[in-house]
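Biologist: Can you take me through this model in plain words? I would like to start with how you sort residues by type.

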Amino acid sequence: ERASREFLVAASALKLPFADGYFDVAISSGVIEHIGVVETPAPNYTVTALPNQRELRVSYVRELGRVVRPGGRILLDFPHGRFPIDFWHGNAPGSVRFHLPTEGFLPSFREVRRIANVALGAVTVLPRSPRNRLQFKQSSAHLHGRILRVPAALLFWLMEKPMFRWL
């Protein structure tokens with residue numbers, strides 16, 4: 001879809017083709033959950049964690065840290081593994097996939113914090129609400145998306161309030 005591909009790079013997430021400290025910021029959206037797993041696509045989506053999943057994810061975050069300058073920032077965006085409904089990894093775009101938190105695919109915030117501290121040392125890891133970013137556009141084509149759109153917007157709004165940061 002890009003008019004210009006001069007700045008498009010395809011590479012292994014575990015070995016990025018950039019010099020140390022090349023970026024001020026690295027944004028990783030929807031990647032970490034795919035590191036260290038084997039996925040089988042539709043019609044019957046399945047996912048299995050590899051035995052070395054954690055080490056691969058640590059290597060990935062370490063690589064992000066390598067290409068970001070000292071004092072730079074890394075944004076890791078991923079579906080939270082403790083939430084039992086997954087709208088991103090199912091048999092069709094926007095479809096619902098129910099899963100157990102112990103599935104080993106979608107990481108929790110706590111897991112990502114641990115991975116970041118192993119990969120990068122003692123770093124500050126902060127959660128952010130997906131408000132104004134997740135709009136439920138694909139899932140709105142389904143009844144569940146239309147039903148959950150308003151409650152999800154309220155939840156995302158609450159997540160920004162100090163009293164509800166635990167959400």
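Modeller: First a definition: Ala, Val, Leu, Ile, Met, Phe, Trp, Tyr, Cys and Pro count as nonpolar, Asp, Glu, Lys and Arg as charged, and the others, Gly among them, as polar. Also keep in mind that this is a predicted model.

Biologist: Fine. How do the residues lining the second largest pocket divide into nonpolar, polar and charged?

Modeller: The lining of that pocket has 17 nonpolar residues, three polar and one charged.

Biologist: And what is the volume of the second largest pocket?

Modeller: Its volume is about 400 Å³. Of the 21 residues that line the pocket, Leu 16, Phe 18, Phe 23, Ile 27 and Leu 64 are the closest to its centre.

Biologist: Which element gives the most to the lining of the second largest pocket?

Modeller: Strand 1 does, with six residues. Strand 1 covers 23–29, and both this strand and helix 1 supply at least two residues of the lining.

Biologist: Let's stay with strand 1. Is Val 25 buried, exposed or partly exposed?

Modeller: Val 25, which lies in strand 1, has a relative accessible area of 44% and is therefore partly exposed. The cut-offs are under 20% for buried and over 50% for exposed.

Biologist: What is Val 25 in contact with, beyond its neighbours in sequence?

Modeller: Leaving aside residues within four places in sequence, Val 25 is in contact with Val 68 and Arg 73.

Biologist: Now helix 1. How many residues does helix 1 have, and how far does it reach?

Modeller: Helix 1 has 15 residues and reaches 22 Å from its first C-alpha to its last, which is close to the 21 Å expected at 1.5 Å a residue.

Biologist: Which residues of helix 1 are buried?

Modeller: They are Gln 53, Arg 57, Val 58, Tyr 60, Val 61, Glu 63, Leu 64 and Val 67. These buried residues pack against strand 1, strand 2 (37–40), strand 3 (46–49), strand 4 (68–77) and helix 2.

Biologist: Why does Gln 53 count as buried?

Modeller: Gln 53 counts as buried because its relative accessible area is 13%, and the cut-off is under 20%. Setting aside neighbours within four places in sequence, Gln 53 is in contact with Ile 35, Gly 36, Val 37, Gly 104 and Phe 105.

Biologist: What about Val 67, buried or exposed?

Modeller: Val 67 is at 1% relative accessibility, so it counts as buried. This residue is also found in helix 1. Not counting residues up to four places away in sequence, Val 67 touches Leu 16, Phe 18, Ala 19, Gly 21, Tyr 22 and Phe 23. One of these, Ala 19, is 48 residues away along the chain, and its C-alpha is 6.1 Å from that of Val 67.

Biologist: Next, the nonpolar core. Which residues have the most contacts inside the largest one?

Modeller: Ile 32, Tyr 60, Val 61 and Leu 64 do, in a core of 17 residues. Helix 1 (53–67) and helix 2 (109–120) are the elements that give two or more residues to this core. There is also a second, separate core of five residues, including Val 37, Val 47, Phe 105 and Leu 106.

Biologist: What does Leu 64 touch?

Modeller: Apart from residues up to four places away in sequence, Leu 64 touches Leu 16, Ala 26, Ser 28, Ile 74 and Leu 76. Leu 76 lies in strand 4. With the neighbours within four places left aside, Leu 76 is in contact with Ser 28, Tyr 60, Val 61, Leu 64 and Val 112.

Biologist: And Pro 70, is that buried or exposed?

Modeller: Pro 70, in strand 4, is at 77% relative accessibility and so counts as exposed. From C-alpha to C-alpha, Pro 70 and Phe 109 are 23 Å apart in space, and they are 39 residues apart in sequence.

Biologist: Last one. Where does Ser 108 lie?

Modeller: Ser 108 lies in the loop between strand 6 (97–98) and helix 2. Its relative accessibility is 4%, so Ser 108 counts as buried.

Conventions. Residues are numbered from 1 along each chain as its sequence is written. This is a predicted model: local features need pLDDT of at least 70, side-chain atom pairs count only at pLDDT 80 or more; totals for chains, interfaces and linings use all residues. Side-chain values use heavy atoms; hydrogens and water are left out. A nonpolar core is a set of buried Ala, Val, Leu, Ile, Met, Phe, Trp, Tyr and Cys residues joined through side-chain atoms within 4.5 Å. Buried means under 20% relative accessible area, exposed over 50%, partly exposed in between (1.4 Å probe, protein chains only). Helices (H or I, at least four residues) and strands (E, at least two) are DSSP runs, numbered from the N terminus. Contact means heavy atoms within 4.5 Å. On a 1 Å grid over the protein atoms alone, a cavity is a set of points where a 1.4 Å probe fits but cannot get out, and a pocket is an open set with protein on both sides within 12 Å along at least five of seven lines; lining residues have an atom within 4 Å of a point. Grid points are joined across faces, edges and corners, and a volume is the space filled by probe spheres set on the points. The expected span of a helix is 1.5 Å times one less than its number of residues.
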